[in-house]
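Dear colleague,

I am handing over the structure we spoke about, and my notes on it come after it. Please read them beside the model.

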Amino acid sequence: MKKIYSLKSCNSCQRILKTLSLSEDYWIQDIKEFPISTADLEHLKTLAGSYEALFSKRARLYKEMGLKNKALDAADFKQLILEHYTFLKRPVLVIKDQIFVGNSAKTIAAAKQALRDEE
């Protein structure tokens with residue numbers, strides 16, 4: 001699978017995508033325009049190890065909904081990601097059987113290396 005979950009309106013996502021040498025094999029899914037499906041989220045969870053690893057605690061709604069003060073479990077993380085696109089940490093890059101979640105320098109460097117190794 002060669003897929004990237006991103007937002008067209010996210011400056012960080014767009015900046016990162018410009019730095020990646022992506023082949024035309026990659027499909028970039030704008031998660032606002034095309035929400036993530038349950039099946040796709042299940043696949044990402046399998047690769048990432050948990051829904052929490054895919055969940056953005058930096059999302060504005062996380063604070064607005066007071067989720068910081070609640071004990072969330074896996075089902076909560078899954079439901080929140082499916083309900084609103086901002087809860088998915090982004091970008092999410094799936095390169096074959098590897099997943100890279102978020103915009104940290106370390107994550108992006110690892111994704112770039114995986115792309116180089118793929119060539």
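This is a predicted model: local features need pLDDT of at least 70, side-chain atom pairs count only at pLDDT 80 or more; totals for chains, interfaces and linings use all residues.

Residues are numbered from 1 along each chain as its sequence is written, and side-chain values use heavy atoms, with hydrogens and water left out.

Helix α2 (residues 38–48) and helix α4 (residues 74–83) pack with their axes 11 Å apart and at an angle of about 135 degrees; helices here are DSSP runs of H or I with at least four residues, strands are E runs of at least two, and both are numbered from the N terminus. Axes are lines fitted to C-alpha atoms, for helices over the stretch in contact, and angles run from 0 to 180 degrees between N-to-C directions. The two helices are therefore oblique to each other, the term for angles that are not under 35 (roughly parallel), over 145 (roughly antiparallel) or 65 to 115 degrees (roughly perpendicular). In their contact (heavy atoms within 4.5 Å), T38, L41 and E42 of α2 meet K78, I81 and L82 of α4.

Two backbone details may also interest you. R90 and P91 are joined by a cis peptide bond with omega about -5 degrees, and P91 lies in the loop between α4 and β3 (92–95). K96, in the loop between β3 and β4 (98–101), has a phi near 55 degrees, which is a positive value in a residue other than glycine.
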